[in-house]
Amino acid sequence: MISSNDFRPGVSIVLDGSVWRVLEFLHVKPGKGSAFVRTKLKNVQSGSVMEKTFRAGETVPQATLEKSTMQHTYKEGDEFVFMDMETYEEGRLTRAQIGDRVKYLKEGMEAEVIKWGDQVLGVELPKSVVLEIIQTDPGLKGDTATGGSKPATLETGAVVMVPLFISQGERIKVDTQEDKYISRE
């Protein structure tokens, strides 16, 4: 159990049978009446956001989330097969469980799988990945780093905007959180 006085951004709690993560909180102590904590919560499973007010000192169950390092070994149909790096057990995850970052997932890549009990809540990929460009318009003489950008399709199927001087076949580093080009490799 955790007190509403101990809420901080990133704390996970259980409400109505699902896991919610605290995004924002504000401890309010009005001149008249008792204090309360106003929070903005995000449902970890569905992604919906709600605002909820708790009495100061009210306790709620804290969600204990487990992170385990797993390696994506291969894709079978619509499922992605992951191997636990400690126990070598295989687990299968769907595209919905992994989330929209699946576009950067490559065979052999390690990721953090977040679980609540036996339920998979999500997958955290590394902050940046190095991928090869399989299709982009050719660069022209005179293209500069500050000149503009063009779309490039990566080996995993993701499309990111890259500078004009980048060409097909090059390997680039991509920020997986912001879907941005970082640098050439």
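User: Which domains does the domain assignment of the chain give?

Analyst: Domain bounds come from an automatic or database domain assignment. Here the chain has domain 1 (2-60), domain 2 (66-124) and domain 3 (128-184). The centres of domain 1 and domain 2, taken over C-alpha atoms, are separated by 29 Å. Keep in mind that this is a predicted model, where local features need pLDDT of at least 70 and side-chain atom pairs count only at pLDDT 80 or more. Residues are numbered from 1 along each chain as its sequence is written, and side-chain values use heavy atoms.

User: How is a pair of aromatic rings described?

Analyst: By the distance of the centres and the angle of the planes. Rings of Phe, Tyr and Trp (its six-membered ring) pair if their centres lie within 6.5 Å; planes under 30 degrees apart count as stacked, over 60 as edge-to-face and the rest as tilted. In this model the count is one aromatic pair.

User: Where in the chain do F7 and F54 lie?

Analyst: F7 is in the loop between β1 (2-3) and β2 (12-15), while F54 belongs to strand β5 (residues 49-55), 47 residues apart. Strands here are DSSP runs (E, at least two residues), numbered from the N terminus.

User: Is F7 buried or exposed?

Analyst: Buried means under 20% relative accessible area, exposed over 50%, partly exposed in between (1.4 Å probe, protein chains only). F7 counts as buried because its relative accessibility is 1%. F54, at 2%, is buried too.

Technical notes: Helices (H or I, at least four residues) and strands (E, at least two) are DSSP runs, numbered from the N terminus.
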